[in-house]
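I opened the structure to take notes on a few features. These are the entries, in the order I looked things up.

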Amino acid sequence: MPTITVAVEIDAPLEVVWQHAADLSTHAEWMADAASIEFLGEQRHGVGTRMRVETRVGPLHTVDIMRVTEWIEPRRIGMRHQGLIGGVGTFELASLGERTRFTWREELHFPWYLGGPVVGTAAAPILKTIWRRNLAGLKQRIEGSHA
């Protein structure tokens, strides 16, 4: 299945970028494909946090249950997706002095009845474009609040 990787350099120190990445409740504000995020339980950060995420890509709509599987402050957040399209994803942050590289990596699993790997390969460039825009929005959000 496809692995999609996008990255951006943000003009803010690692700790500032981590605050935004770690605030899972705001991800729908900068992710165009995340229509809504609802926490399942009281936990809002760290390993074990669970969320119901409504995702929209054009006319396609799905609901995923996402669970945080890795939380290495202030460097990495790992997630597992369970839903129509499953997979695992990570946000990785690397300090570049007063700047931060934010890398988003997703490995997606499309079910056989949706075309499996063939559809996954075809969808990858579209998703990569959406996620690049998402990171550009996050960059703008952080740099605007950090200035």
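Pocket. I looked up the largest pocket and got a volume of about 760 Å³. The model is predicted. I listed the residues that line this pocket and found 34. Asp33, Thr55, Asp64, Leu127 and Trp131 are the ones nearest its centre. I then sorted the lining by element: S2, strand S3 (50-57), S4, S5, S6, S7 and H3 each give two or more residues.

Trp131. Not counting residues up to four places away in sequence, Trp131 touches Ile4, Val6, Asp33, Trp104, Glu106 and Leu108.

Core. I went on to the largest nonpolar core, which has 37 residues. Trp131 turns up here again, with Ile10, Trp30, Phe102, Trp104 and Leu135, as the members that touch the most others. Helix H3 (residues 116-146) gives the most to this core, namely eight residues.

Sheet. I traced the strand order next. Seven strands make an open sheet, S1-S7-S6-S5-S4-S3-S2, with antiparallel pairing. The edges are strand S1 (3-10) and strand S2 (34-39), each of which pairs on one side only. On average, neighbouring strands of this sheet are turned by 20° against each other, direction ignored.

Hairpins. Which strands form a hairpin with S5? I found S4 on one side, with three residues between S4 and S5, and S6 on the other, with three residues between S5 and S6. I counted seven bridges joining S4 to S5 and six joining S5 (residues 76-82) to S6 (residues 86-96). I looked at Arg76 in particular: Ile72 stands opposite Arg76 in S5, and the bridge partner of Arg76 in S6 is Glu92. For Met79, the bridge partner in S6 is Gly89.

Helix H1. H1 lies across S1, strand S4 (60-72), S5, S6 and strand S7 (99-109). Relative to S6, H1 runs at about 160°.

His20. Is His20 buried or exposed? His20 counts as buried because its relative accessibility is 18%, and the cut-off for buried is under 20%. Leaving aside neighbours within four places in sequence, I found His20 in contact with Thr26, His27, Leu138, Arg141, Ile142 and Ser145.

Key: Residues numbered from 1 in each chain as written. Predicted model: local features only at pLDDT ≥ 70, side-chain atom pairs only at ≥ 80, totals over all residues. Heavy atoms only, no water. Pairing = 2+ DSSP bridges. Helix = DSSP H or I, 4+ residues; strand = E, 2+ residues; numbered from the N terminus. Axes fitted to C-alpha atoms, helices over the stretch in contact; angles between N-to-C directions. Contact = heavy atoms within 4.5 Å. Core = buried A, V, L, I, M, F, W, Y, C linked by side-chain atoms within 4.5 Å. Buried < 20%, exposed > 50% of the residue type's maximum accessible area, 1.4 Å probe, protein only. 1 Å grid on protein atoms, 1.4 Å probe; cavity = no way out; pocket = protein on both sides within 12 Å on 5 of 7 lines; lining within 4 Å. Points joined across faces, edges and corners; volume = space filled by probe spheres on them.
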